[in-house]
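Thanks for coming, everyone. Let me put the model on the screen, and then we will walk through charges and hairpins.

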Amino acid sequence: MTVPVSVPRGLPAPGPRSVVRHRLPNGLRVVLSPGRPGPRAAVAVHYGVGFRSERPGREGMAHLFEHLMFRGSESLPDGAFFDALHPLAGTANGTTHQDYTDYFQTVPAQALEQALFREADRMRAPRFTPAQLSAQLVEVTREIESMRDGRPYGGLPWPLLPQALFRTFAHAHDGYGDPGRLGRITVEDCARFFETYYTPSNAVLTVVAPHSEDGLRVLVERHFADVPARTGGAPATPPEPALDGHRLLCRTDERVPRAAVAVGYRLPDPAGDLSAYAAHMVLAELTGRARPADGSPFEAPVSAGCGFFGALDARDPDALVVVTALPRGRSAEDFTRRLTGWWERQAAPRTREEPDTVARVAAALAARHRRDHADVQRRCRALGRLELLFGHAELADDLPALLARTTPAEVAAAAARLAGAYHATAVVTPPGTGPRPAAATAAAGQEAAPAPDPRGAPAAVTADTRPTAPPAPNTGTLPVGRAIHLARTARGPRPLPPLGEPAVPALDGAREGVLANGLRVLAAPDRRGELVELRLRAALGPWGWRRPREIAALLGAVDSATGAAARAARLGGELRLSTDGQWADVSGWAPAEEFTALLAIVADLLTVRHPGDGADAFTGRALPRRSPENLMDEALRQHWLERYGPAVPGGSGVSADPAPPPGPPLSLADAAFVVVGAVDPERVLAEAAHALGQLPSHPPAPVTATGEGVPTRVAPEVLVLRRPSDGAVRLTLCAPEPPRAGTSEPARYLTTALFGGHFGARLAERCRRLDRAGHVVFAARDTVAGRARALVRVTAPRAALAAAVDDVRGEAAALAAVPPGDEELEVVRRYCAAQLLTAFDSPGLLADALRHTVVSGRGLEWVVRRPALLGEVSGEEVSAAAHALFVPVTDTVVVLGDVEPADVTRELS
């Protein structure tokens, strides 16, 4: 099937037919969003089964079953679900919530029919085997450890707070479950669960795609119409009685440095009073923005929102949740008293927020919703969720207007309701700091003891010990008999449908230019969300590369001096400054009508000058957490600056500590400024030239190499960063990229993907072939200290470092010696072309991708023509690029882990 695709010149806003629904004879509800601009499509299936569907003794069953649904079906047995998905850079996942479980895929538009086939096959005929069930029990146990038991505050606010807020088992129990109990589940249990809950009449299929409505109907009916109707479906969830008093649940955890508290209030039922629910959303946003400096009663930042997993994510009952870390010496009772005072303040005519503040916050909340749902996958999932829960998929498009219409009086009424309502509180404290333990513990489905009333009622509390690690799954109880295969038709296994015509991305109407001060500007129109996304990236230069901590602190000082983040928030958007040690980034977004004001904020950022004593005055500021990759690159950056330069202007030698450049901290020379959104590109270029074109730029000091090409070394230079580790060690293998290697940019790009940059890359295949358990290897290209480099990242067990380096050397030599065949090249070309399309999933992702393109020295032509350019690369060019990029890649090795430098140097040499 040929799918016409175009991206952007208009990307028109969704019209009155943006959502189309119908029902198949088997009861399956179908929601379509046809003609959605973009080269990718999203599919979701929402089943009406979640934590609240579980019976006592089966806690965690819904989540375990979600995992199992990916492991096999009639036409896609033994995990073949992903076989055709990954080669096209497609993604698939599933999640389990209170009232639903959703499964979703995002694929190139040409692969939409294959995505529908996969979902229909497992709705029709899943396969359950004891081996697969055992394997998924292990995975679920790991997830429980990671998300709940293995980290501080892992149960706050969910699943602890529902145990205090609700009484009935369906609403109060822990949906993660206990691994020991889950280990007693059999494949027969799974088959019964499927028959009961995974019926077509208990599901909603949603498709968001560039196809026509008629084309989508044909595809849906082709694959889902013969899924047999079945009786079953989720029984009605029992009603939850109203709270009859304040309630408190306490846990102690020796890993937490101080107490944290979550407070929950019952929300109005959105199915009955959506306007009141929206008012609580605005009130929660106001609460989350409250700061002591603005007169709020809170002593620490608070997080507030509707729903345990997001607004409108569950049927009634659900909760408005407020979470904070308690200042030392403060109790949960102190916080709930202040919170009640906050609600009373927002309800009282004299002390409530000003009308313009409420309007501004409501508009910002609406804009954030539009931004989130401009993404093809998030829109698809929202349509399906809202249709399943409330029968109103259009709410994904209608909610922003409803939020924007919320009045101060409605917000005040919501606050008055909370001020007079009973609440539930869950607290996690260090040992010895919590309330005095009571004799009983509140368990899931049991009633918690009353909490202290902030207005002076007597207190009685409960306590429990810290969470313990889950026991190993009891795989010995799993059945060892045959697999259960729930085939529902006589047709038997079916072949995967063929792909349609490839979608070719376009950037119709986009414009680019270079301002007088060297700033490169790129603007692309995109009306999804009616917003504007803005990105500015500048190289730090030698001074910044040598002093990344000071740069991070300096950017924080610039933000404070200009009030940039706060000003962007007042526009209804966001703006932040960040650095990875190589670049300084300004990232922001706002409603499209605020583009000029957002641009003025960026201009102010670029005019702030260095303090007179350099950045030393800011070294005491808190620095952002750095990833292992950031730490390794920082060490490499310092090493290469010493090894290669920079040259001292007007002389020779290396400057050990260059002075900060004069003027603003960010240089516009060779910087990139990208704007994507509902703003005319010609206007963007004109306003950027006016606001930014006259700002001074100070080019970084020149960086010169010590010689042509990369020296061939018998032994690598090894830099070791000693850090505690869990047995695995991280390595970065790299070398400067030769400037003249006789290979084109498309050849280098394709070679990097083939060597270690896609799902079936040679390095990954080598690890599988040699059974390198625990090895993670991938290749890339980027820039360090102004110098292009080729690199390979490796994570391997301590005892296997030398083998990991040998693997990289061996595969690089093999690729350089023997050109790859046409079949292998075609697989990688197809993946790279499909991977490019992911940038078009949302305006924000497109802005990020274009920023990376511009700072890499490429332009619009590369984005649009990349698939064609990759198709022209020969196997011989790939071998030549491999020889230039990856044969010398072990020139410098950076090691991060609990290792001895001398031992590592000896092993890697």
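How many salt bridges does the structure hold? The structure holds 68. A salt bridge here is a side-chain nitrogen of Lys or Arg within 4 Å of a carboxyl oxygen of Asp or Glu.

Ground rules first. This is a predicted model, where local features need pLDDT of at least 70 and side-chain atom pairs count only at pLDDT 80 or more, while totals for chains, interfaces and linings use all residues. Residues are numbered from 1 along each chain as its sequence is written, and side-chain values use heavy atoms, with hydrogens and water left out.

Now some individual pairs. Glutamate 299 and arginine 338 meet through their side chains in a salt bridge, at 3.6 Å from N to O. This pair links distant parts of the chain, 39 residues apart: glutamate 299 sits in the loop between α9 (274-289) and β10, and arginine 338 sits in helix α10, residues 332-347. Helices (H or I, at least four residues) and strands (E, at least two) are DSSP runs, numbered from the N terminus. Glutamate 299 is partly exposed, at 37% relative accessible area. Arginine 338 is partly exposed too, at 28%. The cut-offs: buried is under 20% relative accessible area, exposed is over 50%, and partly exposed lies in between, with a 1.4 Å probe and protein chains only.

Next, aspartate 585 and arginine 537. Their closest N and O atoms are 2.7 Å apart, in a salt bridge. Again the pair links distant parts of the chain: aspartate 585 in strand β18 and arginine 537 in strand β16 (residues 531-539), 48 residues apart. Buried or exposed? Both aspartate 585 and arginine 537 are buried.

Arginine 567 counts as partly exposed at 23%. Aspartate 604 also counts as partly exposed, at 30%.

Salt bridges with shared partners join Arg371, Glu533, Arg535, Arg537, Asp585, Asp848 and Arg851.

On to hairpins. Strand β17 (residues 574-579) runs antiparallel to strand β18 (residues 583-591), and six bridges join them. Two strands pair if DSSP finds at least two bridges between them. Threonine 579 has alanine 584 in β18 as its bridge partner. Three residues lie between the strands of this hairpin, and glycine 581 takes a positive phi near 95 degrees.

Compare β22 and β23. Strand β22 (residues 776-784) and strand β23 (residues 787-797) are antiparallel and joined by nine bridges. Valine 776 stands opposite threonine 795 in β23. Two residues lie between β22 and β23 in their hairpin, and alanine 785 in the turn has a positive phi of about 55 degrees.

One more place to look. Which residues form a negative surface patch? They are Asp269, Asp273, Asp316 and Glu410. Patch residues have over 30% relative accessible area and no salt bridge, with like charges joined within 9 Å and nonpolar side chains (Val, Leu, Ile, Met, Phe, Trp, Tyr) within 5 Å. Aspartate 316 lies in the loop between β10 (302-306) and β11 (319-325). Aspartate 316 is partly exposed, at 34%.

That is the tour. Questions, please.

Methods
Areas by Shrake-Rupley, 256 points an atom, 1.4 Å probe, with all protein chains shown as cover. Lys, Arg positive; Asp, Glu negative; His and termini not counted. Charge placed at Lys NZ, Arg CZ, Asp CG, Glu CD.
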